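Hello,

Here is the structure I promised to pass on. My notes follow below it.

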Amino acid sequence: RDEYTVPSTVATISDGAFVGCPIKKLTIDSNVKTALPSWSFNGGKLEELDVNCPFGNSTFARITTLKKVTLGDSITEIPQMAFLECKGLQTVSIPSGLTKIGTQAFFGCSSLQNVTLPASLTEIGYRAFRDCAALTSITFPDSLEKVGNQAFLITTGNGHTGSLTTVTFGTKIPTFLTSDGKESDNPGLFLGQNQLKTVDMSRCK
């Protein structure tokens, strides 16, 4: 079958439950209380995901067929490497209550074209959007307090040049952090973004 909705009676999904599964569209609601395990969908054909339950590190990593993700209102954090190298991912709908995007959460999502960061977001992790070569603009919300080093870096040696042209800051410049959480004065946020033309910091106080 192409589509599947996890029944409302299900509270836990075990390791490997969807490994190799041919489902193309999956819906998981907030009735699932325990975090989805890491690497839960290896070898699958998933194209569209609507998820409103907790998930762990690398849960959806390297699903190269995945194109669209909708995250439900109950999700407040995207764990590290959650969507690592989902190279076909084009759109992500982020809920208004999200507070943190973890380390390398979208690293290598080279088809991701735009992301709207919500007004609730306080932290973007280390290399969170590294090698997201299709992103064209980023607007940091006023709530943003911390950004990890190399968050939007492009590795130019692999043939990518980056598509980012505009970056808009909120009312404050966030604290930049190394991979181990220490303050950094050399964040390298936009290294390799050769198309970047405008960095608007006019609202920073």
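In the protein chain, the mean positions of the 18 positive and 18 negative charges lie 3 Å apart. Lys and Arg count as positive, Asp and Glu as negative; His and the chain ends are left out. Each charge is placed at NZ of Lys, CZ of Arg, CG of Asp or CD of Glu.

This is a predicted model: local features need pLDDT of at least 70, side-chain atom pairs need pLDDT 80 or more, and totals for chains, interfaces and linings use all residues. Residues are numbered from 1 along each chain as its sequence is written, and side-chain values use heavy atoms, without hydrogens and water.

The fold: the protein chain has 0 helices and 13 strands. Helices (H or I, at least four residues) and strands (E, at least two) are DSSP runs, numbered from the N terminus. The C-alpha trace spans about 50 × 35 × 25 Å along its principal axes. Of the 205 residues, 47% are buried (under 20% relative accessible area, 1.4 Å probe, protein chains only).

Asn 52 sits in the loop between β3 (48-51) and β4 (68-71). Its relative accessible area is 16%, so Asn 52 counts as buried. The side chain of Asn 52 reaches the backbone nitrogen of Asp 73 at 3.2 Å. Leaving out residues up to four places away in sequence, Asn 52 touches Ile 28, Asp 29, Ser 30, Gly 72, Asp 73, Ser 74 and Ile 75 (contact means heavy atoms within 4.5 Å).

Best wishes

How values were computed
Buried means under 20% relative accessible area, exposed over 50%, partly exposed in between (1.4 Å probe, protein chains only). A polar contact is a pair of N or O atoms within 3.5 Å; within protein, one must be able to donate a hydrogen and the other to accept it, and residues adjacent in sequence count only if both atoms are side-chain atoms.
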